[in-house]
Each structure stands twice: as structure tokens, then as C-alpha cells.
Amino acid sequence: MAEIKISHTNWLGSEENRVLKTATLDSTNVVTTAEEVDVNGNTHTVAVSGSVVADATTGIYGLVYEDVDITSGAKIGSVMIGGYYIADKLPATVSEANETKFRAQGLFPVIESDAVRPEWAKVTT
């Protein structure tokens with residue numbers, strides 16, 4: 001696989017009470033995906049970190065923890081189902097219905113001041 005580097009805003013509200021679950025991610029259960037181009041000019045569909053996962057079939061509701069390339073179809077990835085996130089720093093707004101599901105399982109938004117957090121990037125090869 002060619003190298004893909006995606007830079008993100010840090011959306012993790014706190015490491016405290018963070019709960020991750022392994023799930024199958026694809027374009028049907030990830031609300032926000034992005035088209036990214038690798039160094040060879042190939043386009044990849046990526047489930048972007050911080051994107052909402054809403055899967056009524058499996059009952060998994062949460063946020064994609066790390067980028068997952070789903071160009072070739074469904075892939076296994078980590079979903080944050082418990083803990084704290086900064087809603088304003090997610091790639092898309094969480095719907096009221098999904099936020100209700102998040103809260104019920106222990107995943108809460110935090111309101112943050114104008115404090116600056118470092119951005120981060122993940123490189124896959």
C-alpha cells in the first residue's frame with residue numbers, strides 16, 4: 001500500500017474513561033468519509049478519525065478512533081464508545097439522535113475554551 005498521510009485536529013477530550021471497541025467499518029456505517037490521494041496519485045476512501053459510527057445492526061455507536069482505509073471494502077477498526085470528545089473539533093456534527101445514544105453508553109462531548117491542542121497525523125504504508 002502506498003503512503004497516505006492525513007492530518008487531523010485533536011478531537012479527543014480526555015484519555016480518562018476512554019473505551020474502544022473493535023468493529024467492522026465501511027461506507028454504510030461511517031457517517032463521514034474522505035477521499036484522500038496517496039503519493040502515487042491513487043484515490044482512497046478513508047473512514048476519518050473522529051467520524052461518527054452509527055450501526056443499528058450491531059448496535060455500535062461511537063467515533064472512529066484512527067483512520068481506516070475502506071477503499072477495497074469493509075475493514076476492522078477501533079471505535080471509541082466511551083469517554084470524552086470535543087464536539088467542535090470533529091470532522092462533522094453529531095446528530096442529536098446519535099449524541100443521545102453516545103451519552104447512554106458513556107461517550108460525552110466536552111466544551112473547550114480556545115485552548116490550543118496540537119494537531120497530529122498518521123502515516124500508513
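Modeller: Two strands count as paired if DSSP finds at least two bridges between them. Please keep in mind throughout that the model is predicted.

Biologist: How many bridges join E6 to strand E8, and in which sense do the two strands run?

Modeller: Strand E8 comprises residues 75-86. The strands E6 and E8 are joined by 2 bridges, and the sense in which they run is antiparallel.

Biologist: Strand E5 also pairs with E6. Which residue of E6 does Asp55 stand opposite?

Modeller: Strand E5 covers residues 52-55, and its antiparallel pairing with E6 extends over 4 bridges. The two strands form a hairpin with 4 residues between them, and Gly59 in that turn has a positive phi of about 80°. On the E6 side, the residue opposite Asp55 is Ile60.

Biologist: How many of the residues of E6 are buried?

Modeller: A residue counts as buried when its relative accessible area is under 20%. Strand E6 spans residues 60-64 and is mostly covered. The number of its residues that are buried is 5 of 5.

Biologist: In which element is confidence highest, and in which is it lowest?

Modeller: Over the protein chain the mean pLDDT is 85, and 83% of the residues reach 70 or more. Where pLDDT is low, the predicted coordinates should not be read in detail. Confidence is highest in E6, with a mean of 96, while the lowest mean, 53, belongs to residues 120-124, that is, strand E10.

Biologist: Which elements each supply at least two residues of the largest nonpolar core?

Modeller: The largest nonpolar core has 12 residues, among them Trp11, Tyr61, Leu63, Met80, Tyr85 and Phe102. The elements that each supply at least two residues of this core are E6 and E8.

Biologist: Why is the pair of Tyr85 and Phe102 classed as it is?

Modeller: The structure holds 3 aromatic pairs. The ring centres of Tyr85 and Phe102 lie 6.0 Å apart with their planes at 90°. An angle over 60 degrees is the condition for one class of pair, so this pair is edge-to-face.

Biologist: How many residues apart are the two partners of that pair, Tyr85 and Phe102?

Modeller: Both Tyr85 and Phe102 are buried. Tyr85 belongs to strand E8 and Phe102 to helix H1 (residues 96-105), so the pair links distant parts of the chain.

Biologist: Let us turn to another sheet. What is the order of the strands in the open sheet of 3 strands?

Modeller: The pairing in this open sheet is antiparallel, and its order is E3-E4-E7. The edge strands, each pairing on one side only, are strand E3 (33-37) and strand E7 (68-69). Between E4 and E7 there are 2 bridges. The order asked for is therefore E3-E4-E7.

Biologist: Is Ala47 buried or exposed, and what is its relative accessible area?

Modeller: Ala47 is located in strand E4 (residues 43-47) and stands opposite Val68 in E7. Not counting residues up to four places away in sequence, Ala47 touches Val30, Thr32, Thr33, Val64, Glu66, Asp67, Val68 and Ile70. Ala47 is buried, because its relative accessible area is 0%.

Biologist: Which strand holds Asn17, and how exposed is Asn17?

Modeller: Asn17 is not a glycine, yet its phi is positive, at about 60°. Asn17 is found in strand E2 (residues 12-25). Asn17 is partly exposed, and its relative accessible area is 48%.

Biologist: Asn10 lies in the loop between strand E1 (4-8) and E2. To which residue does the backbone nitrogen 3.1 Å from a polar atom of the Asn10 side chain belong?

Modeller: Asn10 counts as buried, because its relative accessibility is 18%. A polar atom of its side chain lies 3.1 Å from the backbone nitrogen of Leu12.

Methods
Residues numbered from 1 in each chain as written. Heavy atoms only, no water. Buried < 20%, exposed > 50% of the residue type's maximum accessible area, 1.4 Å probe, protein only. Polar contact = N/O pair within 3.5 Å; in protein donor to acceptor, adjacent residues only side chain to side chain. Core = buried A, V, L, I, M, F, W, Y, C linked by side-chain atoms within 4.5 Å. Contact = heavy atoms within 4.5 Å. pLDDT = per-residue confidence, 0-100. Phe/Tyr/Trp six-rings, centres within 6.5 Å; stacked < 30°, edge-to-face > 60°.
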